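Morning, everyone. I have one structure to walk through today. Have a look at it first, then I'll take the parts in turn.

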Amino acid sequence: LERWRALVGRELPPTLGGDLAAWLDSVRAEFPADDVALRFFLPPPEHRVLVTPRDVIERLGVYYVRRFGSGGGFASESDGRGLVCAVAERSCVPNYNLFNIRYEM
């Protein structure tokens, strides 16, 4: 983690070490007999516009957020409280929050 911190030039989230270890354990459990290669890359810069859920609801009538790890669908309706929507040329991320914004800058 120290090398990662040096490369990004900022403090990393305090839970990152434990979260990363738990994720690596899940990879090891899923592929117990296989070698797994991890590759990291720096994505190209992307211009995003942040809009409020209220803007989306006024324009589209509903605000959906992604559902992670649930077997019952990919999105659910939300009031968007505590979130913003990041819109780029080829993508839209409705689950953006202040934590995401701080660590992407």
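Let's start with a pair. Valine 49 has valine 87 as its bridge partner in S4. Keep in mind that this is a predicted model.

Now the strands around that pair. Strand S1 covers residues 49–51, and strand S4 covers residues 84–87. S1 and S4 pair in the antiparallel sense, over three bridges. S4 also pairs with strand S5, residues 92–96. That pairing is antiparallel too, again over three bridges. Within it, alanine 86 stands opposite valine 93 in S5. How many residues does the hairpin from S4 to S5 run through? Four.

Next, the cysteines. The closest cysteine sulfur to its own is in cysteine 92, at 3.2 Å. A disulfide needs the two sulfurs within 2.5 Å, so this pair is too far apart for a bond. Seen from cysteine 92, the closest cysteine sulfur is the one in cysteine 85, at 3.2 Å. Buried or exposed, then, for cysteine 85? Buried, because its relative accessibility is 4% and the cut-off for buried is under 20%. Cysteine 92 comes out partly exposed, at 44%.

On to charges. The structure holds six salt bridges. I'll go through some of them.

Aspartate 25 bridges to arginine 28, with the closest N and O atoms 3.1 Å apart. As for accessibility, aspartate 25 is partly exposed, at 43%. Arginine 28 is exposed, with 57% relative accessible area.

Arginine 48 forms a salt bridge with glutamate 46. Here the closest N and O atoms are 2.9 Å apart. Both ends count as partly exposed: arginine 48 at 31%, glutamate 46 at 42%.

Then arginine 81 and aspartate 79. Their side chains meet in a salt bridge, 3.5 Å from N to O. Arginine 81 is exposed, with a relative accessible area of 71%. Aspartate 79 is partly exposed, at 48%.

Which residues are in it? Glu2, Arg5 and Glu11, linked by salt bridges.

Last topic: the nonpolar surface. One nonpolar patch takes in Leu1, Trp4, Leu7, Val8, Trp23, Phe31, Val36, Leu38 and Phe40. Together they have about 900 Å² of accessible area. Which helix gives the most to the patch? Helix H1, residues 2–8, with three residues. Tryptophan 4 is found in H1. Tryptophan 4 counts as partly exposed, because its relative accessibility is 33%.

To recap, briefly. S4 pairs with S1 and with S5. The nonpolar patch draws most on H1. That's my tour; over to you.

Terms used: Residues numbered from 1 in each chain as written. Predicted model: local features only at pLDDT ≥ 70, side-chain atom pairs only at ≥ 80, totals over all residues. Heavy atoms only, no water. Buried < 20%, exposed > 50% of the residue type's maximum accessible area, 1.4 Å probe, protein only. Patch = residues over 30% accessible without salt bridge, like charges linked within 9 Å, V, L, I, M, F, W, Y side chains within 5 Å. Areas by Shrake-Rupley, 256 points an atom, 1.4 Å probe, with all protein chains shown as cover. Salt bridge = Lys/Arg side-chain N within 4 Å of Asp/Glu carboxyl O. Helix = DSSP H or I, 4+ residues; strand = E, 2+ residues; numbered from the N terminus. Pairing = 2+ DSSP bridges.
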